[in-house]
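Visitor: I would like to learn how to read helix packing and a ligand site. Can we work through a case?

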Amino acid sequence: MSTANTTPSTAAEDSPLLISTEGAVRVLTLNRPQALNAFTTGLLGQLRIALDEAAHDETVRAVLITGAGRAFCAGQDLSDPHIKPEFDEHSGEVDAHKKPKAKDIGNLLDHYYIPLALRLRSMPVPTICAVNGVAAGAGANFALGCDLVLAGQSASFIQAFSKIGLVPDCGGTWLLTRLVGRARAMQLALLGDKLPAADAQAWGLIARCVADAELQSEAMATAQKLAKMPTKALVQTREALDASMDLEFEDALKLEARLQSQLGYAHDYLEGAAAFLTKRSPTFKDR
Ligand code: T3D
């Protein structure tokens with residue numbers, strides 16, 4: 001990734017989340033490479049705060065999320081003391097005679113994953129994910145929740161949940177069916193097999209699979225391009241496309257008209273139209 005005009009991370013280099021800014025693009029890098037950037041409650045909390053900060057910073061016009069090292073994210077860190085199930089550390093067996101201490105995974109979702117997924121999906125700026133390696137479990141679904149997903153050719157997507165007796169979470173059930181349809185969603189979710197990035201693109205799960213060496217520069221170029229575009233219109237496009245899945249055709253037409261009504265009075269439409277008609281480059285500023 002280019003370092004031109006980059007504000008270095010304010011967090012320490014060993015922080016689980018690195019934050020930097022390149023022009024109007026906020027870059028968030030998951031940084032637990034020794035555990036394939038698996039989500040701890042600490043990392044989940046930092047990620048949500050970083051998204052909140054980006055949402056409230058008027059100078060930020062796109063967010064780019066990626067991972068450090070060879071993986072994007074291996075999902076929930078299964079050794080995190082907050083959720084680690086009880087078993088015999090020596091034999092690795094679950095003691096059938098001893099009632100294991102229950103840990104409510106739903107609580108973890110309520111407190112960490114749901115707020116994070118909702119924050120991501122309601123960002124007032126476009127979000128781009130550069131999937132630099134394996135994305136498993138909640139790591140895959142967090143990536144798929146971004147507006148545009150680019151992946152390196154050696155990256156892959158795994159709905160790892162069924163292998164440990166869980167259902168897809170972090171929006172997986174909602175996202176998968178909408179992105180690839182029920183048949184392929186079922187295949188991914190039931191079997192939990194690895195889907196290589198090239199197949200993910202062919203299936204319509206992600207926007208683009210690119211050469212590994214080009215992933216970060218392609219993702220940054222895309223983020224910079226989006227950052228120069230009319231942010232508010234991009235975000236309302238996300239809302240309209242998401243809503244359209246549950247709307248009748250006529251209701252989708254009416255939603256489009258309502259959004260155009262609002263956007264038509266905004267600076268960016270006037271600027272865009274004026275720039276086109278006077279053959280100059282537009283400068284968009286609405287957020
Ligand atoms: O409680 C809950 O679970 C609720 C939350 C649910 C949300 C979820 O995300 S559930 C799904 C959780 N994730 C998984 O089940 C995936 C587990 N990981 C894997 O299946 C594999 O690691 C991968 C397929 C992702 C990658 O395989 P590979 O062979 O490239 O790497 P590896 O050797 O398995 O892993 C490298 C290291 O990362 C290793 O540590 P070590 O042995 O070098 O010290 C491994 O233990 C660690 N690691 C990988 N994934 C996780 C992890 N450590 C903790 N949690 C992980 N999820």
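This is a predicted model: local features need pLDDT of at least 70, side-chain atom pairs count only at pLDDT 80 or more; totals for chains, interfaces and linings use all residues.

Visitor: Which residues in α1 meet α2?

Guide: On the α1 side the contact is made by T41, L44, G45, L47, R48, L51, D52, A55 and H56. They meet L108, Y112, Y113, P115, L116, R119 and L120 in α2. By type, the residues of this contact are 10 nonpolar, three polar and three charged.

Visitor: At what angle do α1 and α2 pack?

Guide: Compare the two N-to-C directions. Helix α1 covers residues 41-56, and helix α2 covers residues 105-121. They pack at an angle of about 30°, and their axes are 10 Å apart. Angles under 35 degrees count as roughly parallel. So α1 and α2 are roughly parallel to each other.

Visitor: Is the crossing of α1 and α2 left-handed or right-handed?

Guide: Left-handed, as α1 passes α2.

Visitor: Now α7 and α8. At what angle do their axes cross?

Guide: Roughly 170°, and the axes come within 11 Å. Here α7 is residues 231-244 and α8 is residues 249-264. Angles over 145 degrees count as roughly antiparallel. Therefore α7 is roughly antiparallel to α8. The crossing of α7 with α8 is right-handed.

Visitor: Which residues in α7 meet α8?

Guide: K232, A233, Q236, A240 and A243. Their partners in α8 are L255, L259, Q262 and L263. This contact divides into six nonpolar residues, two polar and one charged.

Visitor: On to the ligand. How many residues surround the ligand?

Guide: Count residues with a heavy atom within 4 Å of the molecule. Here 23 residues surround the ligand. The closest are R70, A74, Q76, L78 and A138.

Visitor: Which atoms of R70, the side chain or the backbone, lie 2.8 Å from an oxygen atom of the ligand?

Guide: For polar contacts, look for N or O pairs within 3.5 Å. In R70, an N or O atom of the side chain is 2.8 Å from a ligand oxygen atom. Q76 uses a backbone N or O atom, 2.8 Å from an oxygen atom of the ligand. L78 has a polar backbone atom 3.0 Å from a nitrogen atom of the ligand.

How values were computed: Residues are numbered from 1 along each chain as its sequence is written. Side-chain values use heavy atoms; hydrogens and water are left out. Axes are lines fitted to C-alpha atoms, for helices over the stretch in contact, and angles run from 0 to 180 degrees between N-to-C directions. Helices (H or I, at least four residues) and strands (E, at least two) are DSSP runs, numbered from the N terminus. Angles under 35 degrees count as roughly parallel, over 145 as roughly antiparallel, 65 to 115 as roughly perpendicular and the rest as oblique. A crossing is left-handed if the near helix is turned anticlockwise from the far one by less than a right angle, and right-handed if clockwise. Contact means heavy atoms within 4.5 Å. Ala, Val, Leu, Ile, Met, Phe, Trp, Tyr, Cys and Pro count as nonpolar, Asp, Glu, Lys and Arg as charged, and the others, Gly among them, as polar. A polar contact is a pair of N or O atoms within 3.5 Å; within protein, one must be able to donate a hydrogen and the other to accept it, and residues adjacent in sequence count only if both atoms are side-chain atoms.
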